[in-house]
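These are my notebook entries on a structure I was asked to examine.

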Amino acid sequence: MKNAVSPSNDEIKAAMLKYDFALQILETQLKILIKEYETKYQYHPVEHIKSRIKTIDSAIAKLQKKGYEVNLYNLEHHVHDIIGIRIVCSFLSDTYKIVEMLENSSFIKIIEKKDYISHPKPSGYTSYHLIVKIPVCLVSGIEEVEAEIQIRTIAMDFWASLDHKIQYKFSNDIPTEIKKELYNCAVDIKKLDQKMLILNDIVNRYYK
Ligand code: 0O2
């Protein structure tokens, strides 16, 4: 399916349709898994879930940034986060519970795991990323569609959201002192996440 000629926006739109379907399926499946988990363990590990489909312009920009020619084959094979789902949890331990829950699901096929919680990015970014595949039943047959699931705590989400705004404001050319301060905030956030987890454990012991 490798095109020598760049696809038109209409061709890309048609190819993107399956991502809409896959997102709906994935959102429903996640709701089922989380609800079942909550019922079984009487515990709510998820604070909220956000999802988005990458815009065509943003997907093309990512492809170009990676140095690939713009065609449908490359969009499908080299942009792994056309579907993005973010699962935001209260506590550090919850993020790993969610990862384990997804690993145990036979419906969601995990292609790649990136643990930026144990191994933060040089910027200080922390989150657990899963690249997954979801089966979508189309008229033409079953297609496996890729998605990226980001799992993080509220505190990590707070940091990433400010970092994202800063990157946008400075067009990725962030002054060194701001980079350093952001990194320091990431270190503080890690400590805060650990302290909140300990505090929550203490509170839970009171209940017992
Ligand atoms: P957006 O606007 O959030 O969609 P890959 O996607 O795996 O081919 P890459 O870049 O190696 O390529 O993936 P990575 O770094 O594992 O994950 C990329 C996504 O993680 C980004 O998507 C962000 O959402 C998030 N991310 C990664 N690093 C940072 C960071 O330093 N700060 C913030 N705020 N978010 C980060 P996009 O497409 O870059 O952006």
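Is Cys-137 buried or exposed? I looked up its relative accessible area, which is 65%, and Cys-137 is therefore exposed. I noted at the start that the model is a predicted one.

**Entry 1: cysteines**

I checked Cys-185 as well and found it partly exposed, at a relative accessible area of 31%. I then searched the whole structure for disulfides, and the search returned zero.

How many salt bridges does a search of the whole structure find? I recorded nine.

I examined Asp-81 next. Its side chain meets that of Lys-54 in a salt bridge, with a distance of 3.3 Å from N to O. I located Asp-81 in the loop between helix H3 (72-78) and strand S2 (83-89), and Lys-54 in the loop between strand S1 (46-53) and helix H2 (56-65). The two are 27 residues apart, and the pair links distant parts of the chain.

Are these two partners buried or exposed? Asp-81 has a relative accessibility of 7% and so counts as buried. Lys-54 is also buried, because its relative accessible area of 12% falls under 20%.

I found that Asp-81 forms a salt bridge with Lys-62 too, where the closest N and O atoms are 3.1 Å apart. Lys-62 lies in helix H2, 19 residues from Asp-81, and this pair likewise links distant parts of the chain. Lys-62 counts as partly exposed, at 28% relative accessibility.

**Entry 2: Arg-152 and Asp-157**

I then looked up the salt bridge between Arg-152 and Asp-157, whose closest N and O atoms are 2.8 Å apart. Arg-152 is buried, with a relative accessible area of 2%. Asp-157 is buried at 12%.

Which side chain of opposite charge is nearest to Asp-163? I found that it is Arg-152, 8.5 Å away. Asp-163 is buried yet has no salt bridge, because a salt bridge requires the nitrogen and oxygen to lie within 4 Å. I placed Asp-163 in helix H5 (residues 154-169). Its side chain does have a polar contact of 2.8 Å with the side chain of Gln-167.

**Entry 3: nonpolar cores**

I kept a general point in mind here: in soluble globular proteins, nonpolar side chains tend to be buried together.

Which residues touch the most other members of the largest nonpolar core? I listed Ile-87, Leu-102, Ile-149 and Ile-151, out of 43 residues in that core. Among the elements that each supply at least two residues are helix H1 (9-41), helix H4 (92-103), strand S4 (128-138) and strand S5 (141-153). H1 gives the most, with ten residues.

Leaving aside neighbours within four places in sequence, Ile-87 is in contact with residues including Leu-30, Val-46, Ile-98, Ile-149 and Arg-152.

Finally, I recorded a second, separate core of ten residues, which includes Ala-155, Trp-159, Leu-182 and Ile-189.

Definitions and conventions
Residues are numbered from 1 along each chain as its sequence is written. This is a predicted model: local features need pLDDT of at least 70, side-chain atom pairs count only at pLDDT 80 or more; totals for chains, interfaces and linings use all residues. Side-chain values use heavy atoms; hydrogens and water are left out. A disulfide is a pair of cysteine sulfur atoms within 2.5 Å. Buried means under 20% relative accessible area, exposed over 50%, partly exposed in between (1.4 Å probe, protein chains only). Helices (H or I, at least four residues) and strands (E, at least two) are DSSP runs, numbered from the N terminus. Lys and Arg count as positive and Asp and Glu as negative; His and the chain ends are not counted. A polar contact is a pair of N or O atoms within 3.5 Å; within protein, one must be able to donate a hydrogen and the other to accept it, and residues adjacent in sequence count only if both atoms are side-chain atoms. A nonpolar core is a set of buried Ala, Val, Leu, Ile, Met, Phe, Trp, Tyr and Cys residues joined through side-chain atoms within 4.5 Å. Contact means heavy atoms within 4.5 Å.
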